[in-house]
Amino acid sequence: MAARSKARTRALDILFEADQRGLNAETLLDERLRDRQSRAANNPYTAELVRGVVGKWNDINAALTDYSQGWTLERMPAVDRAILRLGAWEVLWNDEIPDAVAISEAVALATELSTDESPAFVNGLLGRLAEVKATIV
């Protein structure tokens, strides 16, 4: 698995855990980075992803809500919310990653970790965000 793919998986773990525990994801990341064993497992892109998502939290949630057509964030499975937040940040605010790569990586995470319907939902929603990106950022 490529380094950035591993970083996405680790960032997803932090975002998901923070959501489930009602914590700020950046606080949880900082906690993990203070632990020597956890710090070794998290490369710098993991931290960039988590900090990026937290920094644009309200904008990401608004974009996901506006374009999810009939699905509130609360109604989405927690893992899908975390995947979508991660993917939305990469699509909308990380110019180093091509949109197609960010979407593909998010779909792969959904395929591996969520329901049978999730990959298509993640693909469609992130694809729509990529299409309207200029109106969001």
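Predicted model: local features only at pLDDT ≥ 70, side-chain atom pairs only at ≥ 80, totals over all residues.

Guide: Residues are numbered from 1 along each chain as its sequence is written, and side-chain values use heavy atoms, with hydrogens and water left out.

Visitor: Are α1 and α6 parallel or oblique to each other?

Guide: Helices are DSSP runs of H or I with at least four residues, strands are E runs of at least two, and both are numbered from the N terminus. Axes are lines fitted to C-alpha atoms, for helices over the stretch in contact, with angles from 0 to 180 degrees between N-to-C directions. The axes of α1 (residues 3–21) and α6 (residues 78–93) come within 9 Å and cross at roughly 130°. Angles under 35 degrees count as roughly parallel, over 145 as roughly antiparallel, 65 to 115 as roughly perpendicular and the rest as oblique, so α1 and α6 are oblique.

Visitor: Which residues of α7 meet α1?

Guide: The axes of α1 and α7 (residues 99–113) come within 11 Å and cross at roughly 60°. Contact means heavy atoms within 4.5 Å. On the α1 side the residues are S5, R8, T9 and L12, and their partners in α7 are V101, E105, L109 and L113.

Visitor: What is the handedness of the crossing of α1 and α7?

Guide: A crossing is left-handed if the near helix is turned anticlockwise from the far one by less than a right angle, and right-handed if clockwise. α1 passes α6 in a right-handed crossing. The crossing of α1 and α7 is right-handed.
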